[in-house]
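Here's a quick briefing to keep beside the viewer. Have a look at the structure first, then go through the points by topic.

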Amino acid sequence: MKLSLLVIQLLVYSVVAIFEDQAGKFDWRKTLIGCPKSTIFDDSGRSDRIVVFTKESIMGSLSLHTGKIEWRRILESTASNDAAFTSDDEYIYTLSDGGRIFRSWRKVDGVLVRQILVSEEISTRNSIEVLDGNIFIATSNKLMSFTPEADSPANVVKFTSDRIFSSFFKQGNELLFASVSKISPKLNFVSINKVELFADGVDLDFVSYEPERCHVQNMYISCFNGNKLSVADVFDKNVFHTELDHDITNVSGSGRIIFARGITDLEVFEISNSNIVALKKIKVTPDEEIGFVEPQDSLFLVSPSYVRVVSITLDTAVRVPRVASENHSPLISVFVNPVKKNAKDYELLVVGADCRLELLSVDVSAKAIVSEWNREESLINVESVELVDLPLTESQQMIEDEFEDNESNIMSAFIRRLQVQFGQFCRILSRTFENIFYTLSTFSIHGNGLSDFINSIRSTSSSSNNAPFERDYFNLRKVILATTINGAVFGIDSNDGSVLWKIWLGDDFAPLESISAKQRVPLYVQRTTAHYQLDGLASVVFSNKKTKYGVIVTFNPMIGQVVSKNELPYSIKRISLLPITNQKHVYPILVVDEENEISFYPSINQNELSSCSSLFLMDVDRNSKTMKGLEADLINRKLRTVWSGNIGLASNEEIVAVKGKSFQQKVHSQGRVLINRDVQYKYVNPNLAAVASLDRKNQQLTIVLVDIVTGHVVHSAKIVKAAEPVHLVHSENWIAYSYWSEKGRRTELGIIELYEGHGEQARKEFFDSKLGNKHQPAVLMQSYIYAQGVEAMTISETEKGLSMRSILLAHPSGNIHEVSRRLLDATRPMELTPAMREEMIIGYVPEIAVSSEEMINYNLTVHRVRGIKASPSGLESTSLVLAYGTDLFFTRLVPSGTFDILKDDFDHIFISMVLSGLVFGSYITKRLARSNALSAQWS
Amino acid sequence: MQLKSFTKIAVLFSILTWVNGNELEEQNGRFSVEGEVSFPPTKTCSGWSAGARILLNHGQYSGFVLQDCTFRVDHVPSGTYIVQVENTDFLFEPIRVDITSKGKMRARKLTILQPNTVNTLNYPLKIAARGPMRFFKKREEWRVTDMLFSPMVLMIAVPLVVMLILPKMTANDPELKREMENMQMPKVDMPDVGEMMANLFGGSAAPKKKTAAAGAIQRRK
């Protein structure tokens, strides 16, 4: 019996894995590094690179020539941004995890070389410096020095009070540590000799230090206050004060040069001979960002449309235009790297507010700018994702046209049919000719031999990249819309992951705050491209940073063109897509403001609204644990409370997940066939919401299924000894969830399935919550052991909901595991009877095995996965999946195998060649046989 | 009775102290989990470790592998942890590590089905690779035997043998030949495709075909 069970399991599993030659055929991965906080240009070793340390506490190395990631290390993500970072010729030194762990890494390949435990407590202000192999580390309450050999500090200086500022200053072989404590505004010094630390008796009077108003460079600390600028020279222990004729907004600098920037002016100062000298005054516009590095003379003022190169000592200025992107974000930093070979060449790494990295190579003498590469790093913060179909092809449009108007008579319909077919014929001809030309040209370029010829024919069928931007036959190619919490919206080609367009949502962008205190940037597809006369429409909703009022930006999802921008005169309390369309086939967005008033974008008239009888919403108050069932009165545009209550949740429980169902979800089968040929009907309630709440003290997880319309609790389940992380998905008539079991010290997956109670017939085209059920629905529950952690969970979606669904689980190790619903099933019997075995039912085993072959992303791991988006394609068997975290990973998923399409390794050419060979052979043999018979007759 | 209540109190007391102790550790005790990773020498540790991480309890705590294949995960409070090696090259078995409040370590084999079975391992951990990670199904390879024994080939090959080789064999042996001739094979009239076509689509193409057919008949005669 066990063997047969194993065989069945193997059968199921064998469906999931992919072949090695399929890797990269339908999938791609985009690795990201995040928004750079600091960078180091490095030309040691064989190739030039930029070592980047990002806000997402990721450290990585980019190739300077291509912008590709050479290596990347994901460090501990702490809430505060407190990691420090420095480097020398060979190694990179980091102080991470709240200033507690020091690590050194090899620059070339990111291999960890050394690791020292620095301290026990978390500190918020950290700095690190290396001199002659000795390491100096400052946390908020102590300063330590380490020799290259020992893992324990050689010397320690403890501070009496916590530091709010600390930094190392290097001048030749001299090292100095300066810090500011919480209680006094004085600069406190520690001088360093080899590994010995000497607390300097001298304290320097300085203005009160505020990190956002100060800048630290080689040996100066400059701070501003209003129009006053104060610069401290740490080695000379001297403070310079100066006053400007305008307010300062920002201070920066490098070497002996300090820039004080106002709104319209940039003042350049130089420190020389113990004095601060104003060198120059330059007019600047707000969209210019400055980049400068000592000992160069050129100051770079980079704006999205040009680069100005201004000499700080001479009166020369060069303005070089660059290719401006229409929809640009302001720049936030410019890193300058002078190219060694040529004194007039520079490389600028420009970082935008949307985390776009661009490497510009500037030739000052030739007034030329070349954009070497760019990276859209904002994609590391993807918040919402939607997949949109491409527009119909010309021939599909013709067919649509043909069936569009029904008024015409037979004759005109016939003529139209002829026209359409003639058009199709022409299209086929032109495409064939194109293919032939392409094949011939490739054949003539690198063709000798039959195998080359065959390969070139094969490659023509797959060279769809230069195909027109239209729907493919199976609707497998889509545009991925993604919003990020940085304020950029992307359109990504699902074929290869290239960015098609980008919208910058404006400088006033701020994400919406959801009840779970998460930042959200919701995205809604209001009109798909199915209506070919009309363009598709999608909207992104966010709030204005200054006014906190809501903003809705509507755009065309194919080309990324903004259609309208609605600044709402109130802040958004709740937002949702209305399930009915207006006359222009647009699903309006329903916005609820603070006064519970409803409005629609775009507007919808009373007639159209009347087709939607009533709309119910559920409001969850996380603090008071009360749920409110609200009915939206669409005509009077008011919300009315229908029910409210705590649905049985205790006060010490915390709501961790609330999941409803999408109104577009399709349920194909109304029931399941039992082993006695009976049918058990599914309890498919579209108004059902699943609420998961966790009692941390008693370690209890509660899952409540509540009908939103009536407030009726359909089912409630308690799981003891459960802890975070909890993930929940809800689809059709089942809820799957994962939790950490404290008792078994393992992750467990649970599934709840709902079926109509006894005698209750699945009758209805429509489900009516108000009608009520005579019997409670029958609930089946089952739990399974799962050997991995779960970071995100989602369900595969197919077009008609006919294929078996799969549950996708993202592991912290970066893999995405596909579990078929056949395995995660509440109806798996404990004991298999022969009749059940005949039906290929899998018996219950407590564990859902995790094997590496079932990972849909094989070795293309995706870390810190925040969500997985599944979307149907034109093929019923295929679901398109995008996982987003520190990387983006896209693939096609076939939860029940490719039953509706030939396998991708099906060899058309081989088969047709064999067939024609056979025909030809039979003809030849016939000839030969005939002559043979003749000669036999003669002999 | 007296004794019973006393034990009850004792039990209660011990539970209370245990809870207290637990809370204290949460604040003070922070320990390090150390160990070493080993795998077949085909890959160097230094190159491999750039893509590897050590995860405790599925990412609750994490650490990196040094170039000499050792690792240390710091600042771990006492408790029970599952130690896993995150990488894409080798398969490693997870190990369960218990840290007592005093920082005493105990490593044991992780059996998620029966979490209470104790199968002690050495500490510091030695995690050995069980084999290379397999992500793909194997494609069916082309083999000669597969092709020879496929029903299609057999169907063609066996009649071929009967038709070609048997007459050759019988040619040398007149007795066998006579026997074969005596064995009356049922004659199967295979329709000629050309003729069939000609019959089907009579009309214009017919005369030409007919002459050809007639020629053939004559030649046969």
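In chain B, E36(B) sits across from K126(B), a residue of strand 10 of chain B. Strand 1 of chain B and strand 10 (residues 125–132) of chain B pair in the parallel sense, with four bridges between them. Bear in mind that this is a predicted model.

**Chain B: strands and annotated stretches**

- Strand 1 (residues 31–38) of chain B also pairs with strand 4 (residues 70–76) of chain B, here in the antiparallel sense and over five bridges.
- In that pairing, V33(B) faces V73(B) of strand 4 of chain B.
- An unreviewed UniProt entry puts "domain: ER membrane protein complex subunit 7 beta-sandwich" at residues 48–155 of chain B.
- Residues 48–155 of chain B come out as 44% strand and 10% helix, with the end C-alpha atoms 53 Å apart.
- The unreviewed UniProt entry also lists a "transmembrane region" at residues 147–166 of chain B.
- Residues 147–166 of chain B are 90% helix and 0% strand, and their end C-alpha atoms are 24 Å apart.

**Where chain A meets chain B**

- The contact involves 54 residues of chain A and 38 residues of chain B.
- About 4,200 Å² is buried between chain A and chain B, and carbon and sulfur atoms account for 55% of that area.
- On the chain A side, F19(A), Q115(A) and R745(A) lose the most area to chain B, together 14% of what that side buries.
- How many salt bridges does the rule find across the interface of chain A and chain B? The count is zero.
- Polar contacts do turn up: 12 residue pairs between chain A and chain B, with both residues at pLDDT 80 or more.
- Several elements of chain A each supply at least two residues of the side that touches chain B, among them strand 1 (18–19), strand 9 (101–106) and helix 7 (908–938).
- Strand 10 of chain A gives the largest share of that side, six residues.

**Salt bridges**

- Over all chains, the rule gives 41 salt bridges.
- One of them joins the side chains of R103(A) and E76(A), at 2.8 Å from N to O.
- R103(A) is in strand 9 of chain A and E76(A) is in the loop between strand 6 and strand 7 (84–87) of chain A, so this pair ties together parts that are 27 residues apart in sequence.

**The three-strand sheet of chain A**

- This open sheet of chain A runs in the order 46-47-48, with antiparallel pairing.
- Strand 46 (572–577) and strand 48 (598–601) of chain A are at the edges with a single partner strand each, so one side of each has no neighbour in the sheet.
- From one strand to the next, the twist averages 25°.
- Four bridges link strand 47 (residues 589–593) of chain A to strand 48 of chain A in the antiparallel sense.
- L590(A) is placed opposite F600(A) of strand 48 of chain A.
- The loop between strand 47 and strand 48 of chain A holds N596(A), a residue other than glycine with a positive phi, near 60°.
- The peptide bond from Y601(A) to P602(A) is cis, with omega near -10°.
- P602(A) belongs to the loop between strand 48 and helix 5 (606–609) of chain A.
- For context, most residues other than glycine have a negative phi, and most peptide bonds are trans.

**The five-strand sheet of chain A**

- Here the order is 58-59-60-61-65 in chain A, in an open sheet with mixed pairing.
- Which strands are at the edges? Strand 58 (722–731) and strand 65 (847–848) of chain A are, each pairing on one side only.
- Strand 59 (residues 734–741) of chain A runs antiparallel to strand 60 of chain A, with eight bridges joining the two.
- S738(A) is opposite L749(A) of strand 60 of chain A.
- P725(A) is part of strand 58 of chain A, and a cis peptide bond links E724(A) to P725(A), with omega about 0°.

**A hairpin in chain A**

- Strand 21 (residues 228–233) and strand 22 (residues 238–243) of chain A pair in the antiparallel sense over six bridges.
- S230(A) has H241(A) in strand 22 of chain A as its bridge partner.
- Four residues separate strand 21 and strand 22 of chain A in this hairpin, and K237(A) in the turn has a positive phi of about 50°.

Technical notes:
Residues numbered from 1 in each chain as written. Chains lettered and ligands numbered in written order. Predicted model: local features only at pLDDT ≥ 70, side-chain atom pairs only at ≥ 80, totals over all residues. Heavy atoms only, no water. UniProt positions renumbered as here; feature names shortened; annotations may be inferred. Pairing = 2+ DSSP bridges. Axes fitted to C-alpha atoms, helices over the stretch in contact; angles between N-to-C directions. Contact = heavy atoms within 4.5 Å. Buried area = accessible area lost by both parts, 1.4 Å probe. Salt bridge = Lys/Arg side-chain N within 4 Å of Asp/Glu carboxyl O. Polar contact = N/O pair within 3.5 Å; in protein donor to acceptor, adjacent residues only side chain to side chain.
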